Amino acid sequence: MAATIIDGKALAASIRKGIASEIAALASENHRPGLATVLVGDDPASAVYVRNKIQACREVGMAAIDRHLPISTSEKELLHHMKELTDDPKVNGILVQLPLPDQISPMAVFEAMPEAKDVDGFGIANWGRLFLARTPKELEHCFVPCTPLGVLRMIESAGVNPEGKMACVLGRSNIVGKPMAHLLTLYNATATVVHSKTKNLPQVVKQADIVVAAIGKALFVTADMVRPGACVVDVGINRNENGKLVGDCDFEALRDKAGYLSPVPGGVGPMTIAMLLSNTLKAWKRTIKSASPS
């Protein structure tokens, strides 16, 4: 039986519609959520990502504050811009697009990111809250990184309950792998992280009921690595020899093996942006609540 496709694009559209409705109900002409994006340099892929985020903001009724800085920007200059955005009451969320030029330390950015506006979820304070969370309910006190959160929502949309399941995350990055494994554990899955040094990696992956591929290698996950009926979410974005976008999973081979399968493109990518908007809405609603009379 062919796998059920987890349509991230459709799910993201539904989430964005709900966000737009909330903003329309709560916003006034002079008070609506604002997301600031900061791009340093002219990396083409990063520029596309930022444009997509700005467009998504406008579509749901959020203000988009775009700061495009030259490649020569120093770390001190970038931190100055971040301070200005931190102090701006019209900005509810700040996203500094990665990667950064060599002269800027990502850790310096993570340390300077204000917790209340850390909608990308990678600031030091927010990171601590994320990994100190012992239950899903405690995640309310932090901003979950957008891609792992989007993957979790996709798994839930497929009707797959992680509780009691064996889960395998391919890749150990701070952006996806580590927070993804933590989230699955919070939802009572038994999560294993595999990477380039894992022995017998295909056999480990094949034990999993839930597979999240974020290893950055085109078509790495083949049909013989996945157990029948598994839920497979592909985070990878790669280009093959013909320039076509493909994921970390062999989609065509897995269609007749997996129970649930996300496509590339049209899977995790749209959900990442939807979760960024959701986190920004969350940050904005916190300011509304704090401003309300007790």
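1. Asn 200 is exposed, with a relative accessible area of 55%, where exposed stands for over 50%, buried for under 20% and partly exposed for what lies in between, with a 1.4 Å probe and protein chains only. The residue sits in the loop between β6 and α8 (201–206), the helices (H or I, at least four residues) and strands (E, at least two) being DSSP runs numbered from the N terminus. Although Asn 200 is not a glycine, its phi is positive, at about 55°.

2. The model is a predicted one, in which local features need pLDDT of at least 70 and side-chain atom pairs count only at pLDDT 80 or more, while totals for chains, interfaces and linings use all residues. Residues are numbered from 1 along each chain as its sequence is written, and side-chain values use heavy atoms, with hydrogens and water left out.

3. A positive phi is also found at Asn 188, a residue other than glycine, where the value is near 70°. Asn 188 belongs to the loop between α7 (177–186) and β6 (190–194), and it is partly exposed, with a relative accessible area of 46%.

4. Two peptide bonds deserve a check by eye. The bond from Leu 98 to Pro 99 is cis, with omega near 0°, and Pro 99 is in the loop between β4 (93–96) and α4 (106–112). The bond from Val 264 to Pro 265 is cis as well, with omega near -5°, and Pro 265 is placed in the loop between β11 (260–261) and α10 (268–291). As background, most residues other than glycine have a negative phi, and most peptide bonds are trans.

5. Helix α1 covers residues 8–26, and its 19 residues should span 27 Å at 1.5 Å a residue, which agrees with the 27 Å between its end C-alpha atoms; the expected span is 1.5 Å times one less than the number of residues. Gly 8, Ala 12, Ile 19 and Ile 23 of α1 are buried. They cover an arc of only 40° around the axis, so they are on the same side of α1, the arc being that of the directions from the helix axis to the C-beta atoms. Lys 17, Ala 24 and Ala 25 are exposed on the other side of α1. At the start of this helix, a side-chain oxygen of Asp 7 comes to within 3.1 Å of the backbone nitrogen of Lys 9.

6. A search of the whole structure finds one cavity of 30 Å³ or more; on a 1 Å grid over the protein atoms alone, a cavity is a set of points where a 1.4 Å probe fits but cannot get out, a pocket is an open set with protein on both sides within 12 Å along at least five of seven lines, and lining residues have an atom within 4 Å of a point. The largest cavity holds about 80 Å³ of space, and its lining includes Leu 95, Val 96, Leu 98, Val 109 and Phe 110. β4 and α4 are the elements that give two or more residues to this lining.

7. The second largest pocket holds about 270 Å³ of space and is lined by 15 residues, of which Glu 140, Leu 149, Arg 153, Asn 279 and Lys 282 lie nearest its centre. α6 (146–157) and α10 each supply at least two residues of that lining, and α10 gives the most, with four residues.

How values were computed: Points joined across faces, edges and corners; volume = space filled by probe spheres on them. Polar contact = N/O pair within 3.5 Å; in protein donor to acceptor, adjacent residues only side chain to side chain.
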